[in-house]
Amino acid sequence: MEMVLRLAKKGVGRTSPNPLVGAVIVKNGKIVGTGYHQKIGSPHAETNALKSAGKKGKGATLYVNLEPCSHFGRTPPCVDSIIRNGIREVICATIDPNPKVNGAGVKQLRQAGIKIKLGVLEDEARKLNEIYFKRITSGFPFVALKIVQTLDGKIATLDGDSKWISQKDSRRFVHSLRKQMDAVLVGVNTVIKDDPKLTTREVKGKNPLRIVLDSEGRIPLNSNLLKKNKDNKTVIVVTTNKAGGKLKNKAQVWKVKSNYQNKIDLKVFLKLAAQKGISSILVEGGREIFSSFLKEKLADKIYCFISPKIIGEGISSFGSLNIKKIKDALKLKDVELKEFSNDILLIGYLDWRR
(Lines give C-alpha, C1' and ligand atoms only; values in the text may rest on other atoms or scores of the structure.)
Protein backbone atom coordinates (compact mmCIF):
# COMPACT_ATOMS: atom_id res chain seq x y z
CA MET A 1 0.00 0.00 0.00
CA GLU A 2 2.93 2.35 0.57
CA MET A 3 3.91 1.72 -3.06
CA VAL A 4 0.31 2.47 -4.09
CA LEU A 5 0.48 5.85 -2.35
CA ARG A 6 3.82 6.67 -3.99
CA LEU A 7 2.36 5.84 -7.40
CA ALA A 8 -0.72 7.97 -6.70
CA LYS A 9 1.46 11.00 -5.93
CA LYS A 10 2.78 10.94 -9.48
CA GLY A 11 -0.53 12.45 -10.58
CA VAL A 12 -0.23 15.51 -8.32
CA GLY A 13 -1.34 18.66 -10.14
CA ARG A 14 -2.85 16.81 -13.11
CA THR A 15 -5.92 14.88 -11.93
CA SER A 16 -8.17 17.56 -10.36
CA PRO A 17 -11.07 17.41 -9.75
CA ASN A 18 -10.47 13.65 -9.68
CA PRO A 19 -8.60 12.10 -6.73
CA LEU A 20 -5.03 10.81 -6.70
CA VAL A 21 -5.10 7.05 -7.09
CA GLY A 22 -2.46 4.36 -7.45
CA ALA A 23 -2.84 0.60 -7.88
CA VAL A 24 -0.59 -2.43 -7.53
CA ILE A 25 -1.44 -6.01 -8.51
CA VAL A 26 0.28 -8.87 -6.64
CA LYS A 27 0.24 -12.60 -7.42
CA ASN A 28 2.12 -15.32 -5.57
CA GLY A 29 4.03 -12.68 -3.63
CA LYS A 30 5.24 -10.87 -6.74
CA ILE A 31 4.18 -7.56 -8.25
CA VAL A 32 2.73 -8.25 -11.70
CA GLY A 33 1.12 -4.90 -12.50
CA THR A 34 1.17 -1.23 -11.47
CA GLY A 35 -0.64 1.92 -12.51
CA TYR A 36 -1.83 5.35 -11.43
CA HIS A 37 -4.31 7.96 -12.58
CA GLN A 38 -2.12 10.19 -14.74
CA LYS A 39 -4.42 13.07 -15.64
CA ILE A 40 -8.06 14.08 -15.82
CA GLY A 41 -9.91 12.15 -18.50
CA SER A 42 -7.29 9.41 -18.77
CA PRO A 43 -7.79 5.77 -17.63
CA HIS A 44 -7.99 5.23 -13.87
CA ALA A 45 -5.25 3.61 -11.81
CA GLU A 46 -6.96 0.21 -11.66
CA THR A 47 -7.38 0.09 -15.44
CA ASN A 48 -3.71 0.93 -16.00
CA ALA A 49 -2.59 -1.67 -13.46
CA LEU A 50 -4.80 -4.35 -15.02
CA LYS A 51 -3.42 -3.55 -18.45
CA SER A 52 0.10 -3.76 -17.03
CA ALA A 53 -0.60 -7.18 -15.48
CA GLY A 54 -2.36 -8.67 -18.50
CA LYS A 55 -3.25 -12.35 -18.06
CA LYS A 56 -1.20 -12.49 -14.85
CA GLY A 57 -3.94 -10.47 -13.15
CA LYS A 58 -6.31 -13.46 -13.03
CA GLY A 59 -6.50 -14.75 -9.46
CA ALA A 60 -4.31 -11.89 -8.18
CA THR A 61 -4.77 -9.30 -5.42
CA LEU A 62 -5.32 -5.64 -6.27
CA TYR A 63 -4.10 -2.97 -3.85
CA VAL A 64 -5.63 0.50 -4.30
CA ASN A 65 -5.82 3.61 -2.08
CA LEU A 66 -9.41 4.58 -2.95
CA GLU A 67 -12.54 2.51 -3.51
CA PRO A 68 -12.86 1.56 -7.21
CA CYS A 69 -15.57 3.52 -9.03
CA SER A 70 -18.81 1.82 -10.00
CA HIS A 71 -20.33 4.49 -12.25
CA PHE A 72 -19.76 5.90 -15.71
CA GLY A 73 -17.95 9.26 -15.74
CA ARG A 74 -15.25 10.35 -18.16
CA THR A 75 -14.19 6.68 -18.17
CA PRO A 76 -16.04 3.35 -17.66
CA PRO A 77 -16.44 1.85 -14.14
CA CYS A 78 -13.27 0.29 -12.73
CA VAL A 79 -15.34 -2.31 -10.88
CA ASP A 80 -16.39 -3.90 -14.18
CA SER A 81 -12.76 -4.21 -15.31
CA ILE A 82 -11.70 -5.73 -11.98
CA ILE A 83 -14.43 -8.37 -12.19
CA ARG A 84 -13.82 -9.08 -15.88
CA ASN A 85 -10.07 -9.59 -15.34
CA GLY A 86 -10.57 -12.18 -12.60
CA ILE A 87 -9.08 -10.34 -9.62
CA ARG A 88 -9.48 -12.53 -6.52
CA GLU A 89 -9.08 -9.95 -3.74
CA VAL A 90 -9.10 -6.15 -3.42
CA ILE A 91 -7.27 -4.42 -0.58
CA CYS A 92 -8.46 -0.82 -0.37
CA ALA A 93 -7.27 1.96 1.94
CA THR A 94 -10.48 3.99 2.13
CA ILE A 95 -14.05 4.27 0.89
CA ASP A 96 -14.75 6.96 -1.73
CA PRO A 97 -16.99 9.68 -0.15
CA ASN A 98 -18.43 10.58 -3.57
CA PRO A 99 -22.19 9.87 -3.35
CA LYS A 100 -21.95 8.18 -6.75
CA VAL A 101 -19.63 5.59 -5.18
CA ASN A 102 -19.54 5.64 -1.34
CA GLY A 103 -19.56 1.90 -0.76
CA ALA A 104 -21.30 0.90 -4.00
CA GLY A 105 -18.04 -0.21 -5.58
CA VAL A 106 -17.17 -2.44 -2.63
CA LYS A 107 -20.70 -3.88 -2.57
CA GLN A 108 -20.58 -4.74 -6.26
CA LEU A 109 -17.18 -6.43 -5.90
CA ARG A 110 -18.40 -8.51 -2.96
CA GLN A 111 -21.48 -9.54 -4.90
CA ALA A 112 -19.14 -10.78 -7.62
CA GLY A 113 -17.40 -13.01 -5.06
CA ILE A 114 -14.27 -10.87 -4.69
CA LYS A 115 -12.76 -10.72 -1.23
CA ILE A 116 -12.46 -7.18 0.19
CA LYS A 117 -10.21 -5.75 2.90
CA LEU A 118 -10.58 -2.08 3.92
CA GLY A 119 -8.63 0.39 6.06
CA VAL A 120 -4.97 -0.38 5.25
CA LEU A 121 -3.06 2.92 5.71
CA GLU A 122 -6.41 4.72 5.73
CA ASP A 123 -5.14 7.88 7.48
CA GLU A 124 -2.31 8.28 4.96
CA ALA A 125 -4.70 7.68 2.06
CA ARG A 126 -7.19 10.26 3.33
CA LYS A 127 -4.42 12.84 3.81
CA LEU A 128 -3.15 12.22 0.28
CA ASN A 129 -6.59 13.10 -1.06
CA GLU A 130 -7.46 15.79 1.51
CA ILE A 131 -8.40 18.18 -1.32
CA TYR A 132 -10.79 15.69 -2.94
CA PHE A 133 -12.36 14.68 0.38
CA LYS A 134 -12.96 18.34 1.38
CA ARG A 135 -14.70 19.28 -1.89
CA ILE A 136 -16.80 16.11 -2.07
CA THR A 137 -17.98 16.22 1.55
CA SER A 138 -18.49 19.99 1.94
CA GLY A 139 -19.03 21.46 -1.52
CA PHE A 140 -16.20 23.92 -0.85
CA PRO A 141 -12.64 23.96 -2.19
CA PHE A 142 -9.73 23.05 0.07
CA VAL A 143 -8.14 26.33 1.19
CA ALA A 144 -4.48 26.68 2.19
CA LEU A 145 -2.87 29.92 3.34
CA LYS A 146 0.72 30.57 2.28
CA ILE A 147 2.47 33.08 4.50
CA VAL A 148 6.04 34.34 4.24
CA GLN A 149 7.11 36.28 7.32
CA THR A 150 10.11 37.54 9.23
CA LEU A 151 11.13 36.17 12.62
CA ASP A 152 9.08 38.97 14.23
CA GLY A 153 5.95 38.08 12.29
CA LYS A 154 5.99 40.71 9.53
CA ILE A 155 5.08 40.15 5.88
CA ALA A 156 6.37 43.56 4.75
CA THR A 157 7.92 46.79 6.00
CA LEU A 158 5.74 49.78 6.82
CA ASP A 159 6.36 50.98 3.26
CA GLY A 160 5.03 47.68 1.92
CA ASP A 161 8.38 46.25 0.76
CA SER A 162 8.47 42.45 0.92
CA LYS A 163 11.01 41.36 -1.74
CA TRP A 164 12.48 39.15 -0.70
CA ILE A 165 11.78 37.93 2.82
CA SER A 166 12.33 34.28 1.95
CA GLN A 167 15.26 32.56 0.27
CA LYS A 168 15.32 31.34 -3.33
CA ASP A 169 14.79 27.67 -2.48
CA SER A 170 11.75 28.59 -0.38
CA ARG A 171 10.31 30.51 -3.33
CA ARG A 172 10.91 27.52 -5.60
CA PHE A 173 8.93 25.38 -3.15
CA VAL A 174 6.08 27.90 -3.34
CA HIS A 175 6.04 27.53 -7.12
CA SER A 176 5.82 23.74 -6.71
CA LEU A 177 2.86 24.32 -4.38
CA ARG A 178 1.17 26.47 -7.00
CA LYS A 179 1.34 23.77 -9.66
CA GLN A 180 -0.40 21.36 -7.27
CA MET A 181 -3.35 23.70 -6.70
CA ASP A 182 -6.22 24.60 -9.00
CA ALA A 183 -6.03 28.29 -8.13
CA VAL A 184 -3.87 30.91 -6.41
CA LEU A 185 -5.61 33.84 -4.73
CA VAL A 186 -4.57 37.31 -3.59
CA GLY A 187 -6.34 40.51 -2.62
CA VAL A 188 -6.21 43.57 -4.86
CA ASN A 189 -3.95 45.41 -2.39
CA THR A 190 -1.29 42.75 -2.93
CA VAL A 191 -1.55 43.30 -6.69
CA ILE A 192 -1.24 47.08 -6.29
CA LYS A 193 1.80 46.82 -3.98
CA ASP A 194 3.69 43.81 -5.38
CA ASP A 195 2.40 43.33 -8.96
CA PRO A 196 2.83 39.52 -8.73
CA LYS A 197 2.73 37.06 -11.64
CA LEU A 198 1.46 34.06 -9.60
CA THR A 199 2.97 31.56 -12.05
CA THR A 200 5.03 28.38 -11.70
CA ARG A 201 8.02 29.78 -13.60
CA GLU A 202 10.57 28.33 -11.13
CA VAL A 203 9.41 24.74 -11.74
CA LYS A 204 7.94 22.67 -14.54
CA GLY A 205 4.18 22.38 -14.41
CA LYS A 206 0.89 24.01 -15.22
CA ASN A 207 0.03 27.52 -14.09
CA PRO A 208 -2.95 27.64 -11.75
CA LEU A 209 -5.95 29.90 -12.16
CA ARG A 210 -5.01 33.35 -10.79
CA ILE A 211 -7.77 34.89 -8.67
CA VAL A 212 -7.89 38.46 -7.36
CA LEU A 213 -10.50 39.51 -4.80
CA ASP A 214 -11.26 43.06 -5.94
CA SER A 215 -14.75 44.12 -4.89
CA GLU A 216 -14.49 47.61 -6.45
CA GLY A 217 -12.43 46.72 -9.53
CA ARG A 218 -9.34 48.67 -8.47
CA ILE A 219 -6.78 46.41 -10.15
CA PRO A 220 -4.37 48.47 -12.31
CA LEU A 221 -4.89 47.74 -16.01
CA ASN A 222 -1.10 47.57 -16.51
CA SER A 223 -0.62 44.89 -13.81
CA ASN A 224 1.16 41.66 -14.73
CA LEU A 225 -1.98 39.65 -14.06
CA LEU A 226 -3.81 41.52 -16.83
CA LYS A 227 -0.95 42.30 -19.26
CA LYS A 228 0.37 38.72 -19.22
CA ASN A 229 -2.97 36.93 -19.41
CA LYS A 230 -2.63 35.19 -22.78
CA ASP A 231 -3.89 31.95 -21.23
CA ASN A 232 -7.01 33.76 -19.90
CA LYS A 233 -6.46 32.24 -16.46
CA THR A 234 -6.75 35.51 -14.51
CA VAL A 235 -10.03 35.92 -12.64
CA ILE A 236 -11.13 39.17 -11.01
CA VAL A 237 -13.85 38.74 -8.40
CA VAL A 238 -16.02 41.86 -8.01
CA THR A 239 -19.25 42.77 -6.24
CA THR A 240 -20.84 45.06 -8.83
CA ASN A 241 -21.24 45.13 -12.59
CA LYS A 242 -19.73 48.61 -12.64
CA ALA A 243 -16.54 47.35 -11.01
CA GLY A 244 -16.01 44.70 -13.67
CA GLY A 245 -16.83 46.87 -16.68
CA LYS A 246 -13.31 48.13 -17.33
CA LEU A 247 -12.00 44.56 -17.30
CA LYS A 248 -13.89 43.41 -20.39
CA ASN A 249 -11.64 41.30 -22.65
CA LYS A 250 -8.78 41.59 -20.11
CA ALA A 251 -9.73 38.85 -17.65
CA GLN A 252 -12.51 36.60 -16.50
CA VAL A 253 -14.85 38.51 -14.21
CA TRP A 254 -16.92 36.79 -11.53
CA LYS A 255 -19.59 38.78 -9.77
CA VAL A 256 -20.23 37.77 -6.15
CA LYS A 257 -22.55 39.42 -3.68
CA SER A 258 -21.05 41.49 -0.87
CA ASN A 259 -21.28 40.78 2.85
CA TYR A 260 -22.39 43.14 5.62
CA GLN A 261 -19.03 44.97 5.37
CA ASN A 262 -19.45 45.54 1.62
CA LYS A 263 -16.64 43.09 0.99
CA ILE A 264 -16.78 39.96 -1.14
CA ASP A 265 -18.77 37.27 0.64
CA LEU A 266 -16.11 34.56 0.93
CA LYS A 267 -18.53 31.68 1.43
CA VAL A 268 -20.48 32.63 -1.67
CA PHE A 269 -17.22 33.01 -3.60
CA LEU A 270 -15.93 29.59 -2.51
CA LYS A 271 -19.20 27.91 -3.39
CA LEU A 272 -19.05 29.50 -6.85
CA ALA A 273 -15.41 28.42 -7.26
CA ALA A 274 -16.35 24.82 -6.45
CA GLN A 275 -19.20 24.95 -8.97
CA LYS A 276 -16.67 26.07 -11.58
CA GLY A 277 -14.55 22.99 -10.90
CA ILE A 278 -11.99 24.47 -8.49
CA SER A 279 -11.05 21.95 -5.81
CA SER A 280 -8.12 23.76 -4.17
CA ILE A 281 -7.02 27.35 -3.59
CA LEU A 282 -3.67 28.64 -2.32
CA VAL A 283 -4.21 32.01 -0.64
CA GLU A 284 -1.04 34.12 -0.89
CA GLY A 285 -2.01 37.43 0.71
CA GLY A 286 -2.27 39.87 2.08
CA ARG A 287 -3.00 40.44 5.76
CA GLU A 288 -6.66 41.39 5.33
CA ILE A 289 -7.31 38.34 3.16
CA PHE A 290 -5.52 35.97 5.56
CA SER A 291 -7.47 37.36 8.49
CA SER A 292 -10.83 37.15 6.72
CA PHE A 293 -10.38 33.47 5.86
CA LEU A 294 -9.46 32.73 9.47
CA LYS A 295 -12.27 34.78 11.02
CA GLU A 296 -14.81 32.95 8.91
CA LYS A 297 -13.20 29.54 9.56
CA LEU A 298 -12.69 28.93 5.85
CA ALA A 299 -9.00 27.94 5.87
CA ASP A 300 -7.98 24.30 6.15
CA LYS A 301 -4.19 24.44 6.15
CA ILE A 302 -1.33 26.88 6.65
CA TYR A 303 2.11 26.96 5.06
CA CYS A 304 4.11 29.52 7.03
CA PHE A 305 7.66 30.34 5.94
CA ILE A 306 9.71 31.94 8.71
CA SER A 307 12.87 33.77 7.67
CA PRO A 308 15.53 34.70 10.27
CA LYS A 309 15.14 38.42 9.66
CA ILE A 310 13.92 41.13 12.01
CA ILE A 311 12.48 44.44 10.78
CA GLY A 312 10.68 45.77 13.86
CA GLU A 313 7.71 47.86 12.84
CA GLY A 314 6.00 46.58 9.73
CA ILE A 315 2.89 44.86 8.39
CA SER A 316 1.93 41.87 10.52
CA SER A 317 0.84 38.57 8.99
CA PHE A 318 -2.63 38.91 10.50
CA GLY A 319 -4.94 41.69 11.56
CA SER A 320 -7.45 41.55 14.40
CA LEU A 321 -9.08 38.15 14.92
CA ASN A 322 -11.08 39.36 17.94
CA ILE A 323 -9.17 37.04 20.26
CA LYS A 324 -8.89 38.32 23.84
CA LYS A 325 -7.29 35.38 25.66
CA ILE A 326 -4.45 33.02 24.81
CA LYS A 327 -6.70 30.04 25.52
CA ASP A 328 -8.88 31.18 22.62
CA ALA A 329 -5.99 31.39 20.14
CA LEU A 330 -6.39 29.56 16.85
CA LYS A 331 -4.48 26.31 16.99
CA LEU A 332 -2.76 24.16 14.40
CA LYS A 333 -2.68 20.38 14.55
CA ASP A 334 -0.56 17.73 12.84
CA VAL A 335 2.25 20.25 12.56
CA GLU A 336 5.42 19.46 10.62
CA LEU A 337 8.57 21.47 9.92
CA LYS A 338 10.71 21.65 6.79
CA GLU A 339 14.10 23.32 6.66
CA PHE A 340 15.42 25.24 3.68
CA SER A 341 18.82 26.90 3.24
CA ASN A 342 18.01 29.64 5.72
CA ASP A 343 14.24 29.45 6.25
CA ILE A 344 11.90 27.21 8.19
CA LEU A 345 8.52 26.14 6.81
CA LEU A 346 5.82 25.29 9.33
CA ILE A 347 2.90 23.28 7.94
CA GLY A 348 -0.23 22.61 9.94
CA TYR A 349 -3.99 22.18 9.81
CA LEU A 350 -6.46 24.56 11.42
CA ASP A 351 -8.19 22.98 14.41
CA TRP A 352 -11.69 24.45 14.41
CA ARG A 353 -12.89 22.33 17.34
CA ARG A 354 -12.12 25.01 19.95
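Student: Arg 178 first: is it buried or exposed?

Tutor: Keep in mind that this is a predicted model. Arg 178 has a relative accessible area of 7%, so it counts as buried.

Student: Which residue does Arg 178 form a salt bridge with?

Tutor: Glu 284, and the closest N and O atoms of the two are 2.8 Å apart. Arg 178 sits in helix α7 (residues 168–180) while Glu 284 is in the loop between β12 and α12, so this pair ties together parts 106 residues apart in sequence.

Student: What other salt bridge does Glu 284 form?

Tutor: One with Lys 146, where the closest N and O atoms are 2.9 Å apart. Lys 146 belongs to strand β6 (residues 142–150) and Glu 284 to the loop between β12 (280–283) and α12, so here the parts tied together are 138 residues apart in sequence.

Student: Which residues end up in the network, then?

Tutor: Lys 146, Arg 178 and Glu 284 are linked in a network of salt bridges.

Student: And are Glu 284 and Lys 146 buried or exposed?

Tutor: Glu 284 counts as buried because its relative accessibility is 12%. Lys 146 is buried as well, at 10%. The cut-off for buried is under 20%.

Student: Why would charged side chains pair up at all?

Tutor: Opposite charges can pair when the charged atoms of the side chains come close.

Student: How many salt bridges are there in the whole structure?

Tutor: A search finds nine. One of them joins Asp 300 and Lys 134, with 2.7 Å between the closest N and O atoms. Asp 300 is in the loop between α12 (287–295) and β13 (301–307), Lys 134 is in helix α6 (residues 130–138), and the two are 166 residues apart, so the pair links distant parts of the chain.

Student: How accessible are Asp 300 and Lys 134?

Tutor: Asp 300 has 18% relative accessibility and counts as buried. Lys 134 has 19% and is buried too.

Student: OK, switching to helices. Which residues of α4 are buried?

Tutor: In α4 (residues 104–111), those are Gly 105, Val 106 and Leu 109. They cover an arc of only 95° around the axis, which means they are on the same side of α4.

Student: What's on the other side of α4?

Tutor: Lys 107 and Gln 111 are there, and both are exposed.

Student: What do the buried residues of α4 pack against?

Tutor: Their partners are α3 (78–84), β4 (89–92) and β5 (115–118).

Student: What follows α4?

Tutor: Gly 113, with a positive phi near 85°.

Student: Which residues of α2 are buried, and what covers them?

Tutor: In α2 (residues 45–53), the buried ones are Ala 45, Glu 46, Asn 48, Ala 49, Leu 50 and Ala 53. Their cover includes β1 (22–27), β2 (30–36), β3 (61–64) and α3.

Student: Last thing, the surface. Which residues make the nonpolar patch?

Tutor: Leu 332, Val 335, Leu 337 and Ile 344 make a patch of about 340 Å². Strand β15 (residues 331–339) gives the most to the patch, with three residues.

Student: Where is Val 335, and how accessible is it?

Tutor: Val 335 is in strand β15. With 42% relative accessibility, Val 335 counts as partly exposed.

Notes: Residues numbered from 1 in each chain as written. Predicted model: local features only at pLDDT ≥ 70, side-chain atom pairs only at ≥ 80, totals over all residues. Heavy atoms only, no water. Buried < 20%, exposed > 50% of the residue type's maximum accessible area, 1.4 Å probe, protein only. Helix = DSSP H or I, 4+ residues; strand = E, 2+ residues; numbered from the N terminus. Arc of directions from axis to C-beta. Contact = heavy atoms within 4.5 Å. Salt bridge = Lys/Arg side-chain N within 4 Å of Asp/Glu carboxyl O. Patch = residues over 30% accessible without salt bridge, like charges linked within 9 Å, V, L, I, M, F, W, Y side chains within 5 Å. Areas by Shrake-Rupley, 256 points an atom, 1.4 Å probe, with all protein chains shown as cover.
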